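Biologist: I have not looked at this one before. Can you put it on the screen and walk me through it?

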Amino acid sequence: MQQYRVGIIGATGMVGQRFTLLLKEHPWFKVTCVAASSRSAGKPYAEAVSGRWAFPGTPVPEAIGRLTVMDAADVESVARLVDFVFCAVDMKKEDIRALEERYARAEVPVISNNSANRHTPDVPMLIPEINGSHAAVIEAQRQRLGTRAGFIAVKPNCSIQSYVPALWPLLDFEPQAVTVCTYQAISGAGKTFETWPEMIDNVIPYIGGEDEKSEREPLKIFGHVENGAIVDAASPVISAQCLRVASSDGHMAAVSVKFGRKPSREEILARWDSCRPATLGLDLPSAPKKFLHYFEDPARPQTRLDRDTEGGMAICLGRLREDPVMDYKFVCLSHNTLRGAAGGGVLSAEYLCKLGYIPHKDL
């Protein structure tokens, strides 16, 4: 298979660094360009991340470390080197939106880790296993942008990627109301305990904007494509509280659900076990062999023990039981910088490549 030439925009941040680790031996993708702010431009990548490398004990990938960091704003120069880019920049939303659109209009598909375009109606927000069919909206987006190959696709907020996969196989039981409390690792803020010692032995009951994202974004995931746009689902109503906890990686969620048609516990477990992801049979390198893993042990899943299940790309579930206020309650776990960030982006790119949405450029 001819490898795709890939760029990482925002390569010096924590998510950008995670992209370099995931892509260093990827069978489909070869990193040919790293880009960041003008402050880092012109330096070898290894030098640009020196003193801020977020993965102690894991070296900077050698070949990527030798690449010279380009200025992310120099879209034309980056575009000549890549078939598509991953975007994980740290900028104001309006600036991210403008930058991503510049890349798309330069005929560079953009797989974005950012939130700026998540609610643009013709931009798919993908958890490929669940709503891969939303990729169909890309053709309408290309018509709007006036492009042949360029488009933007985004991944959802990391906070929802533990519990939305658990709700997805249960949609025909008509979930009406969901309450969720998420317990989110510090890497979700781009931090380590070395850079954020205030988090040691601490819980912060507020993450700016996270509650609102966790309540709104699932409705787009559960929506449908109609007339060149993604129409959000009308239900369930979701009430979320998002807490930052003293964990390095891994987002946990405690969920309670009220159904229109209450299933039995056995029916829920059967749905989780037999769900058929949209990625099934596509042989995508990053796709977990089993999407949802349920633990009967009431003390599981645990963050340290289970966040790396299937390379950090699986969703771990446990403690399913009846709820005296709602119908059922359970807990979920996902790896926030793998499934929830860079890994989810890589999987989305694999899916879009497999379906033909990302072409090879003529060299």
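Biologist: How do α1 and α13 lie to each other?
Modeller: Helix α1 (residues 14–23) and helix α13 (residues 338–354) pack at about 55°, with their axes 9 Å apart. The two are therefore oblique to each other. Angles under 35 degrees count as roughly parallel, over 145 as roughly antiparallel, 65 to 115 as roughly perpendicular and the rest as oblique. Axes are lines fitted to C-alpha atoms, for helices over the stretch in contact, and angles run from 0 to 180 degrees between N-to-C directions.

Biologist: And what is the hand of the crossing of α1 and α13?
Modeller: The α1 and α13 crossing is right-handed. A crossing is right-handed if the near helix is turned clockwise from the far one by less than a right angle, and left-handed if anticlockwise.

Biologist: Which residues of α1 and α13 meet?
Modeller: On the α1 side they are V15, R18, F19, L22 and L23, and on the α13 side L338, A341, A342, G343 and V346. By type, this contact has 8 nonpolar residues, 1 polar and 1 charged. Ala, Val, Leu, Ile, Met, Phe, Trp, Tyr, Cys and Pro count as nonpolar, Asp, Glu, Lys and Arg as charged, and the others, Gly among them, as polar. Contact means heavy atoms within 4.5 Å.

Biologist: Before we go on, what kind of model is this?
Modeller: It is a predicted model: local features need pLDDT of at least 70, side-chain atom pairs count only at pLDDT 80 or more, and totals for chains, interfaces and linings use all residues. Residues are numbered from 1 along each chain as its sequence is written, and side-chain values use heavy atoms, with hydrogens and water left out.

Biologist: Now the sheets. What is the strand order in the open sheet of 6 strands?
Modeller: The order is β3-β2-β1-β4-β5-β6, with parallel pairing. Its edge strands are β3 (70–71) and β6 (152–154), each pairing on one side only. Helices (H or I, at least four residues) and strands (E, at least two) are DSSP runs, numbered from the N terminus. Two strands pair if DSSP finds at least two bridges between them.

Biologist: Which helices pack on it?
Modeller: Helix α5 (residues 93–105) does, touching β1 (4–9), β4 (84–87), β5 (110–112) and β6, and its direction makes about 155° with that of β5. Helix α13 also packs on this sheet, touching β1, β2, β4, β5 and β6, at about 155° to β4.

Biologist: Is C33 buried or exposed?
Modeller: C33 counts as buried because its relative accessibility is 3%. Buried means under 20% relative accessible area, exposed over 50%, partly exposed in between (1.4 Å probe, protein chains only). C33 sits in strand β2 (residues 29–36). Leaving aside residues up to four places away in sequence, C33 touches V6, G7, I8, L67, M70, V78, L81 and V82.

Biologist: What about the sheet of 7 strands, what is its order?
Modeller: That open sheet runs β8-β11-β7-β12-β15-β14-β13, and the pairing is mixed.

Biologist: How do β14 and β15 pair?
Modeller: Strand β14 (residues 315–322) pairs with β15 (residues 328–334) in the antiparallel sense over 5 bridges. The two form a hairpin with 5 residues between them. E322 stands opposite Y328 in β15, and the bridge partner of R321 is K329.

Biologist: And which way do β7 and β11 run?
Modeller: Strand β7 (residues 175–184) and strand β11 (residues 237–245) run parallel, joined by 8 bridges. T179 stands opposite S239 in β11.
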